[in-house]
Amino acid sequence: MYKKILYKKAYRLLKESTPLKFDCGLICSRKCCSGDNDAGMCLYPGEEALLEGHDEFLDIRKKKMRDTDVLFAVCKGKCNRSFRPLACRIFPYAPYIDKNGCLTIIEDPRAKYLCPLLMESFDLKINRRFRRNVTKAFRILIMDEEIKNFIGLLSAVLDDYSKMTGNPRH
């Protein structure tokens, strides 16, 4: 119940906040929303409670992240934006907890080759208000220890990905 309240606060902060002042999916033909059966977004611990009853557009599966079972949401096509997962709401950013336990919001290194907003040659810049709202949302969410630990796990995965691709995290 406590997590549900935290997620609702985070969702509310991000409701009208987007990377650009218009639908950035128009730039890239919604690449971040059009994967295959294995492409999707990780759900944060307890987030699935907010997505129950929306299986008309989301398929929730169990996957492994390192050695930990996590839930993963795969879009079935047409998205109901009001009920999209947190990872979709914050794309192309990701929360990151460093070795000192400090939370920052970083460009998700997994999005670098997918999202034009992260490409150096792209002229439009991500709205600063969007990044501030993502930061505010995660400052609320890390009040829950399980969510904070999950972000730590995600941070380690992002570090691994960055090392594997030779791209710096930030």
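A residue counts as buried when its relative accessible area is under 20%, as exposed when that area is over 50%, and as partly exposed in between, with a 1.4 Å probe and protein chains only. The model shown is predicted, so local features need pLDDT of at least 70 and side-chain atom pairs count only at pLDDT 80 or more, while totals for chains, interfaces and linings use all residues. Residues are numbered from 1 along each chain as its sequence is written, and side-chain values use heavy atoms, with hydrogens and water left out.

**View 1. Ala137 in helix α5.** Ala137 has its place in helix α5, where helices (H or I, at least four residues) and strands (E, at least two) are DSSP runs numbered from the N terminus. Ala137 is buried, because its relative accessible area is 0%. Leaving aside neighbours within four places in sequence, Ala137 is in contact with Ala10, Leu13 and Leu14, contact meaning heavy atoms within 4.5 Å. Pro95 lies 42 residues from Ala137 in sequence, and their C-alpha atoms are 9.9 Å apart in space.

**View 2. Helix α5 and what covers it.** The 14 residues of α5 (residues 128–141) should span 20 Å at 1.5 Å a residue, and the end C-alpha atoms are 20 Å apart, which agrees; the expected span is 1.5 Å times one less than the number of residues. The buried residues of α5 are Phe130, Asn133, Val134, Thr135, Ala137, Phe138, Ile140 and Leu141, and what covers them includes α1 (2–14), α4 (86–90), β4 (93–97), β5 (103–107) and α6 (145–165).

**View 3. Helix α1 against helix α5.** The axes of α1 and α5 come within 9 Å and cross at roughly 175°, axes being lines fitted to C-alpha atoms over the stretch in contact, with angles from 0 to 180 degrees between N-to-C directions. That angle makes α1 roughly antiparallel to α5, a term for angles over 145 degrees. The contact is made by Leu6, Tyr7, Lys9, Ala10, Leu13 and Leu14 of α1 together with Asn133, Val134, Lys136, Ala137, Ile140 and Leu141 of α5.

**View 4. Two backbone features in loops.** Most residues other than glycine have a negative phi, and most peptide bonds are trans. A cis peptide bond, with omega about 15°, joins Phe91 and Pro92, and Pro92 is found in the loop between α4 and β4. Arg66, although not a glycine, has a positive phi of about 55°; Arg66 is found in the loop between β2 (58–65) and β3 (68–75) and is partly exposed, with a relative accessible area of 47%.

How values were computed. Angles under 35 degrees count as roughly parallel, over 145 as roughly antiparallel, 65 to 115 as roughly perpendicular and the rest as oblique.
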